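This report goes through one protein model, from particular contacts to the overall form. Please keep the sequence and the structure at hand while reading.

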Amino acid sequence: MKKNKKNKTAALMIVILFAGLGTLHFFHIFDYLEFKAYDFRVKLFAGNYKPSDDIVVILLDQDSIDWANQERDWGWPWPRKAYADIVDYMNLAEAKSTAFDVLFSEPSVYLSADDDVFAQAEKNYGRVVQTVFFSTQTGNTDTWPYDLQKPLFNPEGFEAIISSYTLTDGRLGAQFPIPDLKTAAGALGNVTNAEDSDGINRRARLFINFDGRAVPGLSAASLLVSGSGNTIFYNEKKRQIEWDDYVIPLDREGKSILRFRGDLNRYMPYKASAVLQSAEALEKGDEPLLFPEDFKDKYVFFGFYAPGLFDICSNPLESVYPGMGIHITMLDNILSGDFVRETSIWADLAILFVIVLLTTALTLFSSKLQFTIGGTLLIAAAIVAGALTAYDKFCLWFPMVMPLAALLISFLTCTIYNYATEGSQRRFIKSAFSQYLSPAVIDQIIADPSNLELGGKSLDMSAIFTDIQRFSSISEGLQKTYGKDGPRELVNLLNLYLTEMSNIVLANQGTIDKFEGDAIIAFFGAPIPTERHAALACRSAVQMKKAEDAMTSRIMDKQGRFYPVLNELIEKKAIRGDHPLYTRIGINSGEMVVGNMGTPSKMNYTIMGNAVNLAARLEGVNKQYDTGGILFSEYTKEKIGDDEFVSRPLSRVRVVGISTPVRLYELLDLRESASAEVLEMIKNWGSVFPAYEGRDFSKALEGFKTIYLKNNNDLTARLYMERCEQYLKTPPSDKEWDGGVDNLTFK
């Protein structure tokens with residue numbers, strides 16, 4: 001029932017989030033940020049796309065103005081003859097067209113014949129495109145001259161989107177060139193841009209509907225005047241204009257999304273002064289700076305580029321950009337056929353639904369925070385990577401901000417819901433069990449509370465038992481020394497110790513079974529099975545022993561001394577002075593039963609079995625062999641090998657219920673941190689101990705004595721020295737020896 005309720009809640013949240021976010025998308029709430037994200041894509045990839053070789057740019061820049069002033073005594077503005085010379089040169093070069101991104105709306109300030117020269121050059125060439133500008137605020141006429149016969153589009157199938165090409169329902173004014181230039185031009189091209197709501201030019205219109213006529217843009221007029229047909233068809237199904245062999249995709253507003261290739265310098269622009277000098281050189285029979293062949297079959301654009309002269313617009317690449325660049329990019333995209341397409345509204349909604357669905361499911365049904373956050377970040381990365389790849393490889397404007405916003409809003413909404421409904425339960429469980437269970441166990445309980453039911457299963461695991469040497473004496477001493485404050489001092493000391501040791505177990509993926517006074521019982525390999533359970537148990541034991549050193553400085557009184565009782569026990573040599581809290585540890589591996597055991601009202605996640613009992617007994621056997629504090633069985637040894645840990649074999653012992661004696665090992669250190677002295681001792685032990693078990697007690701005695709002296713009075717080596725000395729005095733019989741098995745029979 002609880003699961004069904006959560007499923008219904010998830011479904012309801014998906015519907016609400018999808019409806020809310022879809023509404024925001026429909027009302028263009030995300031547009032501004034999406035524009036900026038799109039501009040980032042344009043800047044990132046613009047340099048990857050090669051400009052068309054068929055487009056040439058001639059710029060009237062400051063250098064050209066300075067040259068004309070010095071060499072030809074031209075002030076500003078230039079005489080129209082200068083433009084006539086440029087047109088004549090393009091005619092000579094057989095350029096496909098020459099488009100002027102300059103509105104010559106006033107007669108020349110020079111002689112009246114100046115305009116005639118320019119107009120005659122246009123007539124001679126026949127492929128000059130002059131500019132017309134449409135505006136709702138300016139313009140000296142709102143009608144197309146009845147006698148002006150210039151190439152216009154004949155649009156078919158545009159009924160559904162014709163409003164996209166009509167700038168206003170009110171007055172639309174037009175500013176034409178002066179009559180002579182207007183009449184002589186091969187075509188007129190409008191230069192009215194199609195800015196987005198943030199004032200950036202990312203799109204362009206193929207034409208504008210003015211006075212019932214489809215007036216081409218400057219780029220389209222360049223094609224018309226060079227021979228392209230004037231019939232264009234709108235394919236509503238594919239949402240594209242089909243014109244001769246050209247395909248021009250449209251967005252939802254009937255505009256074309258431009259694929260920018262960088263600034264104008266990428267089109268290898270020529271200076272107007274260089275063209276004029278080349279024309280003059282050819283006329284004199286000299287070698288020109290620019291050969292006519294450089295312009296043959298090219299679409300030429302001419303524009304002002306000197307500071308303060310060119311019309312300023314903004315595009316995704318630059319905030320200050322010549323308007324001519326928009327028309328050049330439009331023509332480049334037409335020729336190359338690589339306009340950017342926009343995803344449909346249905347595709348956007350599908351993307352939105354998938355994001356909401358994935359995020360809601362991930363957040364509501366994942367029990368691990370790191371998985372939820374990691375999955376959310378992975379989805380975010382996929383959205384960004386998908387948007388970048390779609391633009392770069394497939395000319396597709398895939399939305400980025402809307403999916404990211406949906407991801408974030410869905411994640412936050414579901415997270416807040418989880419916090420409000422299940423967070424308190426999660427926090428209680430984690431708080432209650434964090435000191436006893438590994439994070440893995442807690443996560444399993446939170447994900448499925450049925451794990452708290454009674455029951456168990458058999459797993460291959462490792463158990464670890466620890467105990468502090470003579471802790472009862474320490475407890476009694478604290479009571480005598482501190483009187484009524486003794487229990488408090490005891491608890492403080494014990495809490496310090498248990499906290500340090502428990503943290504080590506938990507850090508190694510272990511589970512705290514229980515605390516019994518100063519003893520810790522823990523296990524590895526459940527509830528999450530792992531083949532490294534034996535290694536994790538051994539690593540924990542080594543770290544526990546090393547923690548004793550760091551803990552020594554923390555169990556001093558305010559005068560910097562050990563608790564008095566510890567000093568007394570040290571003086572009596574009842575405990576070791578270098579480690580007042582000396583821990584003995586036993587480890588064993590094997591089949592163990594693990595699960596929740598007890599009653600329905602009170603249970604404990606614990607372990608049982610013979611393998612567990614052996615681990616408990618090994619903890620106490622440490623004192624029989626005077627070890628450094630860690631004993632483990634041959635069953636654990638089989639699982640850890642020799643690569644990760646340094647250990648030495650001890651005698652075999654008899655265990656009740658097992659016919660074969662069990663070999664014991666002392667764990668000394670991690671191999672990665674073991675000292676050279678320890679490694680040398682292990683090497684010597686490997687040759688001495690077999691001599692002992694082979695009853696070569698003289699050889700064994702000398703070897704153990706060497707180890708004892710070289711290794712800080714190794715107490716385990718001393719134990720075997722004493723045994724060798726005893727056996728040399730009273731050799732054991734075959735029956736008594738029994739292969740060197742110690743009759744330390746324990747249950």
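## Salt bridges and overall form

Asp738 has a relative accessibility of 34% and therefore counts as partly exposed. The model is a predicted one. Arg654 is likewise classed as partly exposed, at a relative accessible area of 26%. Asp738 and Arg654 make a salt bridge in which the closest N and O atoms are 1.9 Å apart. Asp738 sits in the loop between α23 (734-737) and β28 (742-746), while Arg654 belongs to strand β26 (residues 645-655), so the pair ties together parts 84 residues apart in sequence.

Side chains of opposite charge can pair when their charged atoms come close. In the whole structure, 40 salt bridges are found. Three of them are set out below.

| Salt bridge | Closest N and O atoms |
|---|---|
| Asp738 and Arg654 | 1.9 Å |
| Lys50 and Asp53 | 2.6 Å |
| Glu548 and Lys545 | 3.3 Å |

Lys50 is exposed, with a relative accessible area of 53%, and Asp53 is exposed at 53% relative accessibility. By contrast, Glu548 and Lys545 are both buried. These two residues lie in helix α16 (residues 533-552), 3 residues apart, which is about one turn of the helix.

A network of salt bridges with shared partners takes in Lys36, Asp39, Asp196, Asp198, Arg202, Arg203, Asp251, Arg252, Glu342 and Asp348.

Strand β2 (residues 97-100) is buried along its length: Ser97 and Ala99 point one way, Thr98 and Phe100 the other. β2 pairs in the parallel sense with strand β15 (residues 299-304) over 4 bridges, and Phe100 stands opposite Phe302 of β15. β2 also pairs in the parallel sense with strand β3 (residues 128-135), over 2 bridges. There, Thr98 has Val128 as its bridge partner.

On the surface, Leu24, Phe26, Phe27 and Ile29 form a nonpolar patch with about 440 Å² of accessible area together. Ile29 is placed in the loop between α1 (2-26) and α2 (31-45) and is exposed, at a relative accessible area of 53%.

Taken as a whole, the protein has 23 helices and 28 strands. Its radius of gyration is 45 Å, well over the 27 Å given by the globule rule for 747 residues, so the protein is more spread out than a compact globule. The C-alpha atoms fill a box of roughly 135 × 65 × 55 Å along the principal axes. Of the 747 residues, 52% are buried. Among contacts between residues at least 6 apart in sequence, 76% join residues at least 24 apart. The protein exposes about 35,100 Å², and carbon and sulfur atoms supply 54% of that area.

Key. Residues numbered from 1 in each chain as written. Predicted model: local features only at pLDDT ≥ 70, side-chain atom pairs only at ≥ 80, totals over all residues. Heavy atoms only, no water. Patch = residues over 30% accessible without salt bridge, like charges linked within 9 Å, V, L, I, M, F, W, Y side chains within 5 Å. Areas by Shrake-Rupley, 256 points an atom, 1.4 Å probe, with all protein chains shown as cover. Salt bridge = Lys/Arg side-chain N within 4 Å of Asp/Glu carboxyl O. Buried < 20%, exposed > 50% of the residue type's maximum accessible area, 1.4 Å probe, protein only. Rg over C-alpha atoms; globule rule 2.2 N^0.38 Å. Contact = heavy atoms within 4.5 Å. Pairing = 2+ DSSP bridges.
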